[in-house]
Amino acid sequence: MTTDATTGHGGPTTQDPQAPLSPEKAKAQEYLTTRAEAMTAQQIRARMRAAVVELEAALEGVTEEDARASVVPGQWTIAQVVDHMAQGTIRVADELRCLIEGRRPPAVPVYEGVVSGAAHRVPFAELVDGLR
């Protein structure tokens, strides 16, 4: 585990977003690309909305203590994962707006290390609200 220089909190080591993908990540990306290409925009939106409902159901009942507990040593807590998803969603929405407008996004692509550090100080319910 390392400490992220921008957030000051510990988390898994992050890689350079421009570095080659691991075989596992490449396989996942290929799978998602293939699935997305087979779907219409309406089907993708419907699947994303369904995924949000599934995630909210999975997070329902997670206590503050559970959210901050280290389940696997050296890996993120539930709170850190939720914070990462909320921060990533904000960035992805900005990237999509730029791409839809035919512009290159000004920031580097979203990568797995995007976190705000809020997972350590913000009540878990607020982190979950950040997903909405």
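T77 touches A67, R68, A69 and S70, leaving aside residues up to four places away in sequence. This contact list comes from a predicted model.

**Where T77 sits**

T77 lies in the loop between α3 and α4. Helix α3 covers residues 64-68, and helix α4 covers residues 78-100. W76 is found in that loop between α3 and α4 as well.

**Buried or exposed?**

Is T77 buried or exposed? T77 has a relative accessible area of 12%. Buried means under 20%, so T77 counts as buried. W76 has a relative accessibility of 18%, so W76 is buried too.

| Residue | Relative accessible area |
|---|---|
| T77 | 12% |
| W76 | 18% |

W76 can also be placed against a residue from another part of the chain. W76 and A119 are 43 residues apart along the chain. Their C-alpha atoms are separated by 9.8 Å.

**The whole protein**

The protein has five helices and two strands. Which order do the elements follow from the N terminus? They run β-β-α-α-α-α-α.

How many residues does the protein have, and what share of them is buried? There are 132 residues, and 21% of them count as buried. T77 is one of the buried residues, and W76 is another.

Contacts can also be sorted by distance along the sequence. Take those between residues at least 6 apart in sequence: 62% of them join residues at least 24 apart.

Last comes the surface. The protein exposes about 9,400 Å². Carbon and sulfur atoms supply 59% of that area.

Key. Residues are numbered from 1 along each chain as its sequence is written. This is a predicted model: local features need pLDDT of at least 70, side-chain atom pairs count only at pLDDT 80 or more; totals for chains, interfaces and linings use all residues. Side-chain values use heavy atoms; hydrogens and water are left out. Helices (H or I, at least four residues) and strands (E, at least two) are DSSP runs, numbered from the N terminus. Buried means under 20% relative accessible area, exposed over 50%, partly exposed in between (1.4 Å probe, protein chains only). Contact means heavy atoms within 4.5 Å. Accessible areas come from the Shrake-Rupley method with a 1.4 Å probe; for residues, only the protein chains shown count as cover.
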